[in-house]
Amino acid sequence: MAAVTPPPDKLVPNDPRVTHHTVTLNGHKWHYLLGTPPSSVPPAGTILLVHGHPDLAFGWRYQVPYLLSLNLRVIVPDMLGYGDTDAPEDPAEYSHRKICASLAALIRHVLPDPEENPRVLLGGHDWGGAVVWKFAALWHPEMVAGVFSVCTPYGPPQTEYGGLEALVERVPNFRYQLQLAGEELEELVTREGLVGGTRKGLHGPLNWYRTGKVNFEEEREVAAEGPARWMVTMPAMMISAKKDPFLPPWMSANMDRLFDDLVKHEVDASHWALWEAPNEVNGYIGEFVKRVLGGEKPLKASI
């Protein structure tokens with residue numbers, strides 16, 4: 001009989017390896033999970049994991065135990081609009097710059113002592129990937145030791161804004177965003193009671209798709225400064241999913257020019273690679289973490 005590969009370790013509800021916390025950041029209540037390695041030695045570093053749509057902190061359930069095993073402190077928030085974190089009505093509250101400011105405040109809250117390794121690793125998936133790229137490149141690079149994204153390529157700031165419709169014309173696989181950004185879907189789901197027991201409804205999560213104009217306005221000055229201002233200068237990693245219909249691998253093909261130090265990988269999974277291919281994703285994350293913490297530069301990208 002062939003050997004059976006054991007399933008990867010993962011968090012379960014009420015898992016004792018993480019604790020639940022709330023904190024007010026920039027006027028909004030945030031809920032986050034905190035995992036501290038069970039070791040007598042100080043953590044080797046801290047990593048902040050950022051989920052996307054439609055997800056929760058628990059979306060990183062396969063990654064948190066593995067990262068704890070690497071002696072990392074792990075911070076995983078429910079993002080604005082989700083779970084036990086506030087869901088403000090105004091889409092402007094979900095701008096990448098404001099979200100990054102709140103995440104920076106969360107890091108300072110968990111790590112108030114500047115001597116305690118203030119530079120952290122960042123990881124994101126879906127909208128979370130877009131956020132960590134902007135955090136590292138535009139708004140708080142001094143706080144970042146290394147950054148990676150699963151599925152989401154880096155989109156630099158733009159000098160012109162044509163609206164979501166123009167974006168869909170250039171990137172047809174984003175056509176679903178027209179429906180999510182509009183009002184009809186939200187109204188239908190609310191009217192028909194399809195949300196069920198969800199506490200805050202769809203308005204907060206869908207606000208993430210309504211921030212194009214405010215993101216452009218907040219990033220306009222940075223964009224005008226030129227590529228040197230919005231390069232990703234710290235070690236970075238991109239993990240694409242071969243079967244992702246929303247963010248296919250071709251979208252990250254030309255990313256290299258925006259980075260000083262980028263490695264790229266692919267996994268055989270759909271958009272939900274975090275739990276469809278957890279062993280492969282964790283393996284790449286582990287290699288990246290060890291390289292960043294150990295200061296080893298890769299010889300070349302894997303693809």
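First, ground rules. This is a predicted model: local features need pLDDT of at least 70, side-chain atom pairs count only at pLDDT 80 or more, and totals for chains, interfaces and linings use all residues. Residues are numbered from 1 along each chain as its sequence is written, and side-chain values use heavy atoms, with hydrogens and water left out.

Now the overall picture. The chain holds eleven helices and eight strands. Those are DSSP runs, numbered from the N terminus: helices are H or I with at least four residues, strands are E with at least two. The radius of gyration is 19 Å, close to the 19 Å from the globule rule for 303 residues, so the chain is as compact as a globular protein of that length. That radius is taken over C-alpha atoms, and the rule is 2.2 Å times the number of residues to the power 0.38. Along the principal axes, the C-alpha atoms fill a box of roughly 50 × 50 × 45 Å.

How much of the chain is buried? Buried residues make up 54% of the 303. Buried means under 20% relative accessible area, exposed means over 50%, and partly exposed is in between, with a 1.4 Å probe and protein chains only.

Contacts next. Take pairs at least 6 apart in sequence: 75% of their contacts join residues at least 24 apart. A contact means heavy atoms within 4.5 Å.

Now the backbone. Where is the cis peptide bond? It joins His-53 and Pro-54, with omega about -20 degrees. Pro-54 sits in the loop between β3 (45-50) and α1 (64-69).

Two asparagines have positive phi values. Asn-14 is at about 60 degrees, in the segment before β1 (18-25). Asn-71 is at about 65 degrees, in the loop between α1 and β4 (72-77). Buried or exposed? Asn-14 is exposed, at 75% relative accessible area. Asn-71 counts as buried, at 17%.

Last stop, His-140. Find the loop between α3 (127-139) and β6 (144-150). His-140 is buried there, with a relative accessible area of 15%. What does His-140 touch, beyond residues up to four places away in sequence? Cys-100, Ala-101, Ala-104 and Phe-135. Take the Ala-101 pair: 39 residues apart in sequence, yet His-140 and Ala-101 are 8.3 Å apart, C-alpha to C-alpha.

That's the tour.
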